[in-house]
Amino acid sequence: MPRKNNVIRLLEQRGIPYKAFELPREKLGAREVAQRLGLPLGQVFKTIVVVREGRGKPILAVVPGDREVDLKALARAVGEKKVHLPTEREAERLTGLQAGGISPLALVGRRFQVVFDDTVKQWEAIHLSGGERGLNLRIPVQALLTLLNPVVAPISRGDNWIKNP
């Protein structure tokens, strides 16, 4: 039985089906989660905190584990000229969550702009953090998109792209 946190309570209140998976409470990357759960890496989504150059709440970019956020594409998707990645410590301060447990589900109602990579449409259900380290959730994509009302856009590149040519 998974431990109940605010994310689990939110899903249950809204009648959103989910399956919880308990993992070690250490910081695990998407690749490690996929390996432990026997999943394709592209089905395990990670939440990346991205900061706007000007004012405004940070962006939660949700991309598959086998891809990286394309900051230029993300900026275009949200109508910004430029966005950048904060340090891990800054991401934790902005969200109030530990790296490895940052989830758009834990930040519902906090006015973060959520942007999902359009590859999410390939799946009936995806896996993502349950809002704390060691808790991973499988949620139907349509229910997730209805709950979060995110922008869905091509905001990632395959992990074989060269970051600094």
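User: Which side chains count as positive and which as negative, and how far apart do the centres of the two sets lie?
Analyst: Lys and Arg count as positive and Asp and Glu as negative, while His and the chain ends are not counted. In this predicted model, the chain has 27 positive and 17 negative side chains. The centres of the two sets lie apart by 5 Å.

User: What secondary structure does the chain have, and how many strands?
Analyst: The chain contains helices as well as strands. The helices come to five, and the strands to 10.

User: In what order do the strands of the open sheet stand?
Analyst: The open sheet has five strands, and their pairing is mixed. Strand 5 (83–84) and strand 9 (151–153) each have a single partner strand, so one side of each is left without a neighbour in the sheet. The order across the sheet is 5-2-3-6-9.

User: In which sense do strand 3 and strand 6 pair, and which residue stands opposite isoleucine 59?
Analyst: Strands of a sheet pair through backbone hydrogen bonds, either parallel or antiparallel. Strand 3 (residues 59–64) and strand 6 (residues 113–117) are joined over four bridges in the parallel sense.

User: Which residue takes a positive phi in the hairpin of strand 7 and strand 8?
Analyst: The hairpin has five residues between the strands. A positive phi near 95 degrees is found there at glycine 131.

User: What radius of gyration does the chain have, and what would a compact globule have?
Analyst: The C-alpha atoms fill a box of roughly 45 × 35 × 30 Å along the principal axes. For 165 residues, a compact globule would have a radius of gyration near 15 Å. The chain agrees with this, at 15 Å.

User: What percentage of the residues is buried, and what share of the contacts joins residues at least 24 apart?
Analyst: With buried taken as under 20% relative accessible area, buried residues make up 50% of the 165 residues. Among contacts between residues at least 6 apart in sequence, the share joining residues at least 24 apart is 65%.

How values were computed. Residues are numbered from 1 along each chain as its sequence is written. This is a predicted model: local features need pLDDT of at least 70, side-chain atom pairs count only at pLDDT 80 or more; totals for chains, interfaces and linings use all residues. Side-chain values use heavy atoms; hydrogens and water are left out. Two strands pair if DSSP finds at least two bridges between them. Helices (H or I, at least four residues) and strands (E, at least two) are DSSP runs, numbered from the N terminus. The radius of gyration is taken over C-alpha atoms; the globule rule is 2.2 Å times the number of residues to the power 0.38. Buried means under 20% relative accessible area, exposed over 50%, partly exposed in between (1.4 Å probe, protein chains only). Contact means heavy atoms within 4.5 Å. The place of a charge is taken as NZ of Lys, CZ of Arg, CG of Asp or CD of Glu.
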